[in-house]
Amino acid sequence: MTKKYIGKRIKRSEDPRLLTGEALFVDDVEIPGMLHAAFLRSDYAHAYLKSIDVSAAQAREGVVAVFTAETMGDDWQPGPPLVSPPPTVEDVIFHSRTQVPLVKDKVRHVGEPIAIVIAESRYIAEDAVDDIVVDLEPLDVVVDIEKAMQPDAPLVHDDLDSNLAAHIEQEKGDYAAIREEADLIIKRRIVIDRGAAVAMENRGIVAQWDAKSQRLTVWDTTQAPIAIRNGLAARLDLSEHQVRVIAPFIGGAFGPKMMMFYPEEMLIPWVSIKLDRPIKWIEDRYENFYATTQERGQVHEAEMALTLDGRILGVSDVFLHDSGAYDPYGLTLPLNTQCHMMGPYDIANYYSESKVVFTNKTIVTPVRGAGRPQGIFIVERLLDLAAKELGIDPVEIRKRNLIPPDAFPYEHKIIDQAFAPLIFDSGNYKPVLEKAADMIGYDRFVKDEQPRLRAEGRHVGIGIVPFIETTGVGPYEGARVTVEASGKINVATGVGTQGQGHFTSFAQIVADQLGVDVRDVHLVTGDTAEFHWGTGTFASRGSVVAANAINASAKLVREKILALASKVLEAPEDELELADGVIRVADVPRISISLGELAMLANPLRGAVEPGTEPGLEATAYFGPQYGAIAFGTHAMIVEVDPQTMMIEIKRYVAVEDCGTVINPLIVDGQIHGGVSLGIGNSYYEKLVFDENGQLLNASLMDYLIPTAAEVPRIEIGHEETRSPLNPLGSKGVGEAGAIPVPALFAQAMENALPEYDLEILEAPLSPNRLFELLREKEREL
Amino acid sequence: MKLEGEYIFDGPQEDVWELVRDPDVLATALPGTQSLDQVGENEYEGVMNVRIGPVAGVFSGRIVVSDEVPPETCTLTVEGKGKPGFINGTGYVNLIDQGDSTTLMKYDGEIQIGGRLASVGQRLFDTTSKSMIRQGLETLNKALQARIAVKTGGGEVEYKPPSESEFAVAVAKDMAGEALSSSRTTWIAVAVVIVIVIVALILINLGGG
């Protein structure tokens, strides 16, 4: 394979369509006779459903049907769990309680759907929702995760003894023993709060049942079209081949669109079959704040044991994890947190205990970062406090603890989110840390610039945080690569695409394998009619698992091309080369055949072929890694804080990433920009505020602040490449990396900017208001 | 959420008590009220049409009056719900004879709000509710003047209840004068809706006394 395209900054081929409004999104789907759905959702966080009267809604002109849990009959079933509890860990407790299509007996969070109205238009449907008379008997509400675990707390699920959803302990070495030998113990309570993903496009579903062909087609803003197809077929008692799920262009997903099944995702196709009509439902922004999953709420009691020279002897952490009203996503998030709490450091002793807690809030599933930012926040905060206590420079204390390059593969002896042993496949952490320090001018800033600025009365601080990211987990993805008679290449894969640039980066791999122009490689993603094996786009795995499956199938096609061309051109395979869309004898370039002509020869219309011959230049292949690849990086920033207004200005932001082989640096840069933006929101702006009754107090983009172009600085990016030995391309994921270190980085830099306050930031996110409170508290102490 | 305040009526305690226990007066003082009916000895139900700005819907409230000591105090338990969300609350109202033919009303309550009221409106809830209540009480005070005038034979004092829009304008002005520097008129509209609901419930409560 020649590397003409891999590693090149190629502009995204999908962008012209996206930028000119020509790309298909779910809401663009219009079908004659289509009806529209609206949901009656609970205003209460916790209540018994006593009765519903839908007669006035049904009587409204233009309303076609109204369904409740009761009228769904036997078709009402709780959703299937998405991720099973780990079978390999002893003594794990896991109570599976999954979301329901419509509330039957008890409401468990605000926004839970109680009834669905189908009408000629969305306007009529929404008006009819108001006609429904529902009698809810309010119950005491469980909001705070610590209060939820108290013995007298109200129960989210009445059949359980407590609000404990799951309990998992993990241990490496012997923390209790090493603690006795430590020179310094840093112990703190650290709280991380909830945020939303806020994708630009909300969720949406269009379902069309065709009674004549007995086929169901569903357009869905999902990250996992194949899993949705298989689940729908099972639920609706159809063959998998009767169901086609299309995830067209999607305006961002960030994890919550991986949730399967949302109530709406099950209901809209069910109603379409029931009424034999196409149905559309598009989530509005207000619904999105309640009905789309969220993440991050955890309370940690964390401690770190160190020697006087700053060597980490061990980490111990006990934490509560907010699961919301149900726990369909199993233990993925607390496991990710546990796996990142040692960061990139060589830590021999580790104890972690996690309790997952049910609350009367929106369901929690991964949001870009997915448990990882919490783990990094804990270890980095403890290390910063230790550095201060020991009088060691923050960069120096980190260098002393990084896993050395000769220690890989580095086994952590705990399990990861895939229930496999956590092994760091490869890494070289120090050069990345040094590069970031160098790019931001760490030494110069600390020695010269900061003292000068402080003398001027300015509050400018620096932060530097290394991190790791578990990426590219299994089980597998697949792809089919076909050379068409035109000489163009068609590639089909099962993963959906939500803005990652798959159409370009995947095409680069195929173009290099087959020696064609990258613009001649056409990609189809997220359509189960095109490819129906795979799991989905999540866990920073597209460029690892799907990309290697595509690479493997392109390689098989390359072998077929060479075998056939060798016969046709009467030359040995090893003397042939693939370039510019033709196969030619390397030394005698005039002896050649175009790919298109060869494809036609591979698919003869008449005559005999040798027994065992497969038609066409096409191959399907799969890739499943042995275990996940560990990407890493270091972010650094310089921030100025105005202690009068609490407004901040990020003066410099440096991100150095090592995600193994970079397929397209432009796309990797874009992923980092997006991730850092989300991280900035998680650090200083975005927080979902619930009152004691489980009411979300900032359910609009007026009150829920997301960073805008004014808050996101120019990001300077550096790349290092440590290839993963676990896959042929040597790639690692980078989708979530940008978001992971940012809250820890903010905390460090803010403390550094305000030395006279001697701040200890033990929470994320901060906000201007919260910083104001913290500074006032400190002023009272001083 | 706590809601408390006081207001001085220009009339004797007995007259104020009589006024606020008359559902018809309250209904006219509160634009958009469709009905306010006594459904039990100490139980009232009111329906109110809220239709201002982008939020519209029918809001229904139910009040139970307890611990009544005429013409001084009562406790009210409120449940209200409608498209903009719901309100549950307990309120305590106290009328104090000032000895100079004026009456001091003190009220305080604990209110829980939910739905759009909470999630979209909470930011301005506090400031706007104060303005709304003040406007509502001003209207009631005018009604009181009209009643007293008739009673004392001192001629007619015209009492014309404000329309929904007049009421909203008065509240917006009050807020602008008090605290709000923002020009986000949509917020005012939303806030006005919310506080009309609050006022409705408080006034309905008083009527129940």
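Two strands pair if DSSP finds at least two bridges between them. Helices (H or I, at least four residues) and strands (E, at least two) are DSSP runs, numbered from the N terminus. The model is predicted: local features need pLDDT of at least 70, side-chain atom pairs count only at pLDDT 80 or more, and totals for chains, interfaces and linings use all residues. Residues are numbered from 1 along each chain as its sequence is written, while chains are lettered from A and ligands numbered from 1 in the order in which they are written.

Strand pairing in chain A was examined at β2(A). Strand β2 (residues 47-53) of chain A and strand β7 (residues 133-138) of chain A are antiparallel and share six bridges. In this pair, Asp53(A) lies opposite Val133(A) of β7(A). β2(A) is also joined, by two bridges, to strand β5 (residues 106-107) of chain A. That pairing is antiparallel too. Here Ala47(A) has Val107(A) in β5(A) as its bridge partner.

An open sheet of seven strands is also present in chain A, with the order β4-β8-β16-β15-β14-β9-β30 and mixed pairing. Its edge strands, β4 (93-94) and β30 (763-764) of chain A, each pair on one side only. Within the sheet, strand β15 (residues 312-324) of chain A runs parallel to strand β16 (residues 349-358) of chain A, with 10 bridges between them. His321(A) faces Val356(A) of β16(A) across this pairing. In a regular strand the side chains alternate between the two faces of the sheet.

Chain A splits into four domains, with bounds that come from an automatic or database domain assignment. Domain 1 covers 15-22 + 474-623, and domain 2 covers 31-139 + 197-291. Domain 3 takes in 143-195 + 294-403, and domain 4 takes in 420-471 + 629-782. The C-alpha centres of domain 1 of chain A and domain 4 of chain A are 40 Å apart. Contacts link 15 residues of domain 1 of chain A with 16 residues of domain 4 of chain A. Two residues are in contact if their C-beta atoms, placed from the backbone, lie within 7 Å. On the domain 1 side, the elements that give two or more residues are α15 (502-514) and α16 (542-569) of chain A. α16(A) gives the most, with five residues. By class, this side has five nonpolar, nine polar and one charged residues. Ala, Val, Leu, Ile, Met, Phe, Trp, Tyr, Cys and Pro count as nonpolar, Asp, Glu, Lys and Arg as charged, and the others, Gly among them, as polar.

Nonpolar cores were then identified. Such a core is a set of buried Ala, Val, Leu, Ile, Met, Phe, Trp, Tyr and Cys residues joined through C-beta atoms within 7 Å. A residue is buried if 20 or more other C-beta atoms lie within 10 Å of its own, exposed if 12 or fewer, and partly exposed in between; C-beta atoms are placed from the backbone. The largest core has 238 residues. Those with the most contacts inside this core include Ala37(A), Val117(A), Val491(A) and Ile550(A). α16(A) supplies the largest share of the core, 11 residues. Beyond its neighbours within four places in sequence, Val117(A) contacts residues including Ala37(A), Ala57(A), Val63(A) and Val129(A). Another core lies apart, with 27 residues, among them Val78(B), Val93(B), Ile111(B) and Ile113(B).

Chain B has six helices and seven strands. Of its 209 residues, 45% are buried. In chain B, 12 residues are in contact with 11 residues of chain A. On the chain B side, β6 (85-97), β7 (103-114) and α3 (116-119) of chain B each give two or more residues. This side divides into three nonpolar, seven polar and two charged residues.

In helix α1 (residues 13-20) of chain B, the buried residues are Gln13(B), Val16(B), Leu19(B) and Val20(B). They fall within an arc of 125° seen down the axis of α1(B), so they line one face of the helix. The arc is that of the directions from the helix axis to the C-beta atoms. Pro71(B) sits in the loop between β4 (55-69) and β5 (73-82) of chain B. Pro71(B) is partly exposed because 19 other C-beta atoms lie within 10 Å. Setting aside neighbours within four places in sequence, Pro71(B) contacts Gln13(B), Glu14(B), Trp17(B) and Leu95(B).
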